[in-house]
Amino acid sequence: MQRTIGTVIFDYGGVLSLPPDNKKMLKLAETSGLEPALFEQEYRSHRSEYDRGTLTVSDYWSKVLWAGGITATGKLTETLISLDIELWTVVNQAIVDWSSLLKESGYRTAVLSNMPREPLAYINKNFPWINDFDTCTYSCEHGLIKPEPQIYHTCLEALGVLAEETLFIDDSSENTEAAERLGLHTLTFQSLETAKEAIEQQYGLPLS
């Protein structure tokens, strides 16, 4: 049974962009001077507050490096920022193209992403297609992060649409489950290929 969808909200990392590459993550860890396992633990444990905007980029990297007794010098921090941005800015062109098709077909589209200020600045400067979305809601601009309910409400309010008329696509099941509890239709994303059946048959959205 198809559901009436008029709006599609996309996550950025892992949907509009490809998931972080393991080799690039290893390079980031090696550059930090931390053992890879410790680096990944610290990278993730402080990420929510960096995404939220309550940690500055300097404070974020200081906390990550502190676990290994390493001082976050200006030069090292600049290099880590650059490598981190590179990790999250490999575009998933198939999804970007699909979002454009939806717009051309009369659907409203949006981005809802946990995003720190530094990658966001890079995206806004280098990816003109980001301006094609009706609205973009980023964690660092609102002090909110998924899966907190208010960030979904913020995005829906900016769009002026109802949850039940909206499909939310994210690669995190935690985030899609939170959205579903608020009444949005959801799709936990792995690839466009694996999502085709749900997109076309369950939600009746065009793919070409």
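This is a predicted model: local features need pLDDT of at least 70, side-chain atom pairs count only at pLDDT 80 or more; totals for chains, interfaces and linings use all residues.
## Packing around helix α5

Helix α5, which covers residues 74-87, packs against helix α4, residues 57-66, at an angle of about 100 degrees, and the axes of the two helices are 10 Å apart. Angles of 65 to 115 degrees count as roughly perpendicular, and α4 and α5 are therefore roughly perpendicular to each other. On the α4 side the contact is made by Val57, Trp61 and Leu65, which meet Leu76, Thr77, Leu80, Ile81 and Asp84 of α5. Sorted by class, this contact of α4 with α5 has six nonpolar residues, one polar residue and one charged residue.

Helix α1, residues 22-32, also packs against α5, here at an angle of about 170 degrees and with the axes 10 Å apart. Because angles over 145 degrees count as roughly antiparallel, α1 and α5 are described as roughly antiparallel to each other. From α1 the contact draws on Lys24, Met25, Lys27, Leu28, Thr31 and Ser32, while α5 contributes Leu76, Thr79, Leu80, Leu83, Asp84, Glu86 and Leu87. By class, the contact of α1 with α5 has six nonpolar, three polar and four charged residues. Leu76, Leu80 and Asp84 of α5 are listed in the contact with α4, and Leu76, Leu80 and Asp84 are also listed in the contact with α1.

## Aromatic pairs

The structure holds twelve aromatic pairs. One of them joins tyrosine 50 and tyrosine 60, whose ring centres are 4.5 Å apart and whose planes lie at 15 degrees, so the pair is stacked. This pair links distant parts of the chain, since tyrosine 50 belongs to helix α3 and tyrosine 60 to helix α4, ten residues apart.

## The largest pocket

About 550 Å³ of space lies in the largest pocket. Its lining is made of 23 residues, and those closest to the centre of the pocket are Arg44, Arg47, Asp51, Trp88 and Asn114. By class, the lining of the largest pocket divides into nine nonpolar, seven polar and seven charged residues.

Helices α2 (36-45) and α3 (47-52) each supply at least two residues of this lining, and the largest share, three residues, comes from α3.

## The cavity

Rolling a probe the size of a water molecule over the atoms shows where empty space is left. The structure holds one cavity of 30 Å³ or more, and about 40 Å³ of space lies in the largest cavity. The residues that line the largest cavity are Ser99, Ser100, Lys103, Thr109, Trp129, Asp132 and Phe133.

Helix α6, residues 93-104, gives the most to the lining of the largest cavity, with three residues. The lining of this cavity divides into two nonpolar, three polar and two charged residues.

## A cis peptide bond

Most peptide bonds are trans. In this model, however, lysine 146 and proline 147 are joined by a cis peptide bond, for which omega is about 15 degrees. Proline 147 lies in the loop between helix α8, residues 139-142, and helix α9, residues 149-159.

Definitions and conventions
Residues are numbered from 1 along each chain as its sequence is written. Side-chain values use heavy atoms; hydrogens and water are left out. On a 1 Å grid over the protein atoms alone, a cavity is a set of points where a 1.4 Å probe fits but cannot get out, and a pocket is an open set with protein on both sides within 12 Å along at least five of seven lines; lining residues have an atom within 4 Å of a point. Grid points are joined across faces, edges and corners, and a volume is the space filled by probe spheres set on the points. Helices (H or I, at least four residues) and strands (E, at least two) are DSSP runs, numbered from the N terminus. Ala, Val, Leu, Ile, Met, Phe, Trp, Tyr, Cys and Pro count as nonpolar, Asp, Glu, Lys and Arg as charged, and the others, Gly among them, as polar. Axes are lines fitted to C-alpha atoms, for helices over the stretch in contact, and angles run from 0 to 180 degrees between N-to-C directions. Angles under 35 degrees count as roughly parallel, over 145 as roughly antiparallel, 65 to 115 as roughly perpendicular and the rest as oblique. Contact means heavy atoms within 4.5 Å. Rings of Phe, Tyr and Trp (its six-membered ring) pair if their centres lie within 6.5 Å; planes under 30 degrees apart count as stacked, over 60 as edge-to-face and the rest as tilted.
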